[in-house]
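Have the sequence and the 3D view open as you go.

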Amino acid sequence: MKNLVVAQSGGPTAVINATLVGVIEYAMKSSKVDRILGAKNGIEGILEENFVDLKSIFFKAEERERLSLTPSSYLGSCRRKMKENEESMIKRIIEVLRKNEIGYFVYIGGNDSMDTVYQLSNYCKQHNITDIQVVGAPKTIDNDLVHTDHCPGFGSAAKYVATTFAELERDCSVYQTKAVTIVEVMGRNTGWLTGAAALARLGDGNGPDLIYLCEKSFSLTSFLEDVKEKLREKNAVLIAVSEGIQDEDGHYISETIQNGQVDEFGHSYISGVSNILAEEVRKQIGCKVRAIELSLMQRCSGHLVSKTDLIESKMLGEKACECVLECQNGMMASVIRKKEEPYEVMYTAVPVEEVANYEKKVPEHFIHQNGHDVTEAMIQYLFPLIQGECNIEYENGIPKHSVL
């Protein structure tokens, strides 16, 4: 038997630990696996041989259940991107895996993590390394990974966004004063999560009045005209805007306040667009205006987790573990939507080289032709992903979590 290691990387989600549980439980049933290790802080934990024994920690079913409902990354995360063909780093990883008798590696993460899976697995293929298998398990609230119908974590984030907009509408609608509320939603280059704000309309209200996705170029002039038109119709205007909206030249609207700063991956920092737009409304229109940035809350709100998302995240963890134990090196677990009504999916795997460094944008037919709303087709796509509630365990009035 060989040992298995699993790690988490990138931005956390409300259900990334459910994927971890899926890996653990599948590996526990297998006669191919001896120890089940967790690498702390993603690939850095492997490089530093910083492991924990997951099999002993989560031997009891109730402990695994609690872990499933614990938001954020139990094992910690990292934002370390492997440079293309970074052979010294790959050799070090292989050295550590062999030293610890690890033959199976499952990496849970988003686009950059899948690039790491691709580089490691491809190196193994090129150098005829057969004693180590590397497989990816997807996650990202951005929902931008290709070759999977949707991504674990997105459904729960969408449920949070839709619920928040429904609640904000109730708050904003109580006054007769003309006012605009601009809510900034995560999404660097894709507007999936911003579009989910429209799901608030499935409740008792009207949801957001204007929705701006980053798939469409943003015009400040048109935006101000849209706002003025809505203010003529009603007192309170509620707006959803993607943090990554860009002008027609491809420049992030938020870049005016970020001064070209970039993160560890070379990505521009892009938060703050709601404040920029609020200031323009204040100057050009003169009404009361408020900017709200949902920020981390939309990705770590375990109290609003979607049961559908939780179940699927765990199943994708199981699928990833199945692939790695069957020596399907260089694959990523994936979900396919089989039926819309009743909603039904199946779990499969795709070559990670077809996923890494690609982005799935919101398709044209999901975006309203007016440029500031979504279509019924997007609502139908989103609807099943936010269904179901989970029984959260509370202690002293606060959700109880698994903490390493």
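There are 23 salt bridges in the structure, each being a side-chain nitrogen of Lys or Arg within 4 Å of a carboxyl oxygen of Asp or Glu. The model is predicted, with local features needing pLDDT of at least 70, side-chain atom pairs counting only at pLDDT 80 or more, and totals for chains, interfaces and linings using all residues. Residues are numbered from 1 along each chain as its sequence is written, and side-chain values use heavy atoms, leaving out hydrogens and water.

**Pairs within a helix** (a DSSP run of H or I, at least four residues, numbered from the N terminus)

- K228 and E225 form a salt bridge at 3.7 Å, N to O.
- Both belong to helix α9 (residues 220-233), where a spacing of 3 residues puts about one helical turn between K228 and E225.
- K319 pairs with E322 in a salt bridge at 3.6 Å, N to O.
- K319 and E322 also sit 3 residues apart, about one helical turn, in helix α13 (residues 307-325).

**Accessibility of these partners** (buried is under 20% relative accessible area, exposed over 50%, partly exposed in between, with a 1.4 Å probe and protein chains only)

- K228 is partly exposed at 30%, and E225 is partly exposed at 42%.
- K319 is buried at 18%, while E322 is partly exposed at 22%.

- K338 and E344 make a salt bridge at 3.3 Å, N to O.
- K338 is partly exposed at 48%, and E344 is partly exposed at 30%.

Definitions and conventions
Helices (H or I, at least four residues) and strands (E, at least two) are DSSP runs, numbered from the N terminus.
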